[in-house]
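Trainee: Please show me the structure. I have some questions ready.

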Protein chains: 2
Amino acid sequence: MASGSNGASTSEEPLPVRSRLILQQCLSAKLMVQPRTDTQEEQFVEIGRGLIIYICFFRGATEDMVEKMVKAALTACLSESETGKLVSVLDLPGDVLIIPQATLGGSLKGKRMQYHRNINKEDGYNLYSKFAKLCDIYVTGAPKCREQQKVVRAGTYGNRQVFSTQTNGPYTHYLEF
Amino acid sequence: MASGSNGASTSEEPLPVRSRLILQQCLSAKLMVQPRTDTQEEQFVEIGRGLIIYICFFRGATEDMVEKMVKAALTACLSESETGKLVSVLDLPGDVLIIPQATLGGSLKGKRMQYHRNINKEDGYNLYSKFAKLCDIYVTGAPKCREQQKVVRAGTYGNRQVFSTQTNGPYTHYLEF
């Protein structure tokens with residue numbers, strides 16, 4: 001049974017996974033969205049307490065799965081409230097930082113990572129953009145997030161994701177779709 | 001085909017995965033290994049440029065798989081050298097920070113994470129300790145790491161993993177064993 005076994009797998013069978021998310025809790029995070037150019041300083045986005053989402057799409061990913069992913073990430077009770085209760089980032093309420101991370105699609109062959117299963121850049125960009133837009137709609141639409149002016153920030157697709165974060169416990173979670 | 005499909009899976013079938021690793025590149029990272037007590041300040045470990053390894057064991061994980069995991073993590077060419085070439089952390093050479101992360105074993109059911117598949121604490125501690133010890137042996141034994149006095153630092157099993165990191169690109173990778 002090697003299906004679903006990535007990384008150390010030697011199976012050649014195509015895997016059913018179409019997207020991977022890594023979720024981490026943070027106190028703050030800062031991500032570069034525009035590298036320095038000859039005429040401009042580099043630009044960053046920042047969030048406060050909330051959720052970091054690393055995201056990668058595989059070949060076969062489709063638009064109709066994106067809302068399910070957004071809902072899972074934003075409504076899962078993974079954030080620790082002041083009273084120690086686990087609540088969703090929408091109920092915390094917290095900020096959201098989305099980091100495109102094509103490397104998450106890699107499979108280890110010997111000492112090298114292969115990314116044959118990753119989606120092509122154009123489709124990946126479209127799905128990523130939809131994911132970010134839907135996150136924004138969910139956060140904007142959540143009463144607690146709106147009251148406390150929580151924000152969604154998203155990295156630039158295809159860029160090097162220069163970033164820093166601080167956390168009281170990342171509580172790293174992995175989701176496949 | 002839901003085997004290997006975690007998170008969004010509705011399958012009740014047991015999955016074959018016995019361990020998960022998340023690998024990230026960093027410029028620096030700092031992790032609390034001892035919380036503050038009445039008589040003592042909190043204690044941290046720090047690394048410079050190198051590799052962060054988040055690790056989680058599932059039920060069924062065994063000692064004989066640990067070296068394969070260590071070898072995969074430390075010899076995979078995921079680190080960017082000065083010349084832009086991808087090399088292993090042993091050849092970079094770089095430091096290694098190991099973060100125990102039981103939450104990586106979670107499966108999403110509705111809005112709640114379940115950790116039924118996680119290994120028990122005692123066995124998990126033993127496997128984690130072996131993993132950390134073997135990483136140290138590999139790093140100590142790698143000529144470039146030894147020459148440049150690279151270090152392995154490991155979080156305290158069962159603790160809240162208070163930490164911070166800076167990166168020029170995490171290049172997040174996911175491995176299953």
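The questions below go from one chain to the pair.

Mentor: This is a predicted model, in which local features need pLDDT of at least 70, side-chain atom pairs count only at pLDDT 80 or more, and totals for chains, interfaces and linings use all residues. Residues are numbered from 1 along each chain as its sequence is written, and chains are lettered from A and ligands numbered from 1 in the order in which they are written.

Trainee: How many helices and strands are there in chain A?

Mentor: Take helices (H or I, at least four residues) and strands (E, at least two) as DSSP runs, numbered from the N terminus. On that basis chain A has three helices and twelve strands.

Trainee: What radius of gyration does chain A have?

Mentor: The radius is taken over C-alpha atoms, and the globule rule is 2.2 Å times the number of residues to the power 0.38. For 177 residues, a compact globule would come out near 16 Å. Chain A agrees with that, at 17 Å.

Trainee: What share of chain A counts as buried?

Mentor: A residue is buried if 20 or more other C-beta atoms lie within 10 Å of its own, exposed if 12 or fewer, and partly exposed in between; C-beta atoms are placed from the backbone. Of the 177 residues of chain A, the buried share is 51%.

Trainee: What order do the strands have in the open sheet of five strands in chain B?

Mentor: Two strands pair if DSSP finds at least two bridges between them. Six bridges join β4 (residues 50-57) to β7 (residues 95-100) of chain B, and these two run parallel. The edge strands are β10 (152-154) and β12 of chain B. Pairing in this sheet is mixed, and the order is β10-β7-β4-β1-β12.

Trainee: Which helix lies across β4, β7 and β10 of chain B?

Mentor: Axes are lines fitted to C-alpha atoms, for helices over the stretch in contact, with angles from 0 to 180 degrees between N-to-C directions. α1(B) lies across β1, β4 and β12 of chain B, at about 25° to β1(B). The helix you ask about runs at about 175° to β7(B); it is α2 (residues 121-141) of chain B.

Trainee: Which element gives the most to the side of chain B that touches chain A?

Mentor: Two residues are in contact if their C-beta atoms, placed from the backbone, lie within 7 Å. By that rule, 46 residues of chain B are in contact with 46 residues of chain A. Elements giving two or more residues to this side of chain B include α1 (66-75) and β12 (173-176). With five residues, the one that gives the most is β11(B).

Trainee: Which residue stands opposite Thr165(A) in β11(B)?

Mentor: Five bridges join β11 (residues 163-167) of chain A to β11(B), and the two run antiparallel. An open sheet of six strands has the order β3(A)-β2(A)-β11(A)-β11(B)-β2(B)-β3(B). Its twist averages 15° from one strand to the next. Opposite Thr165(A) stands Thr165(B).

Trainee: What relation superposes chain B on chain A?

Mentor: Copies are superposed by least squares on the C-alpha atoms of residues with pLDDT of at least 70 in both. A rotation of 180° with 0.0 Å of shift along its axis does it, at RMSD 0.0 Å. That is the relation of a two-fold axis.

Trainee: Why do the copies meet through the same surface?

Mentor: Compare the interface residues of the two chains. The copies meet through the same surface because the interface residues of chain B are also interface residues in chain A, to the extent of 100%.
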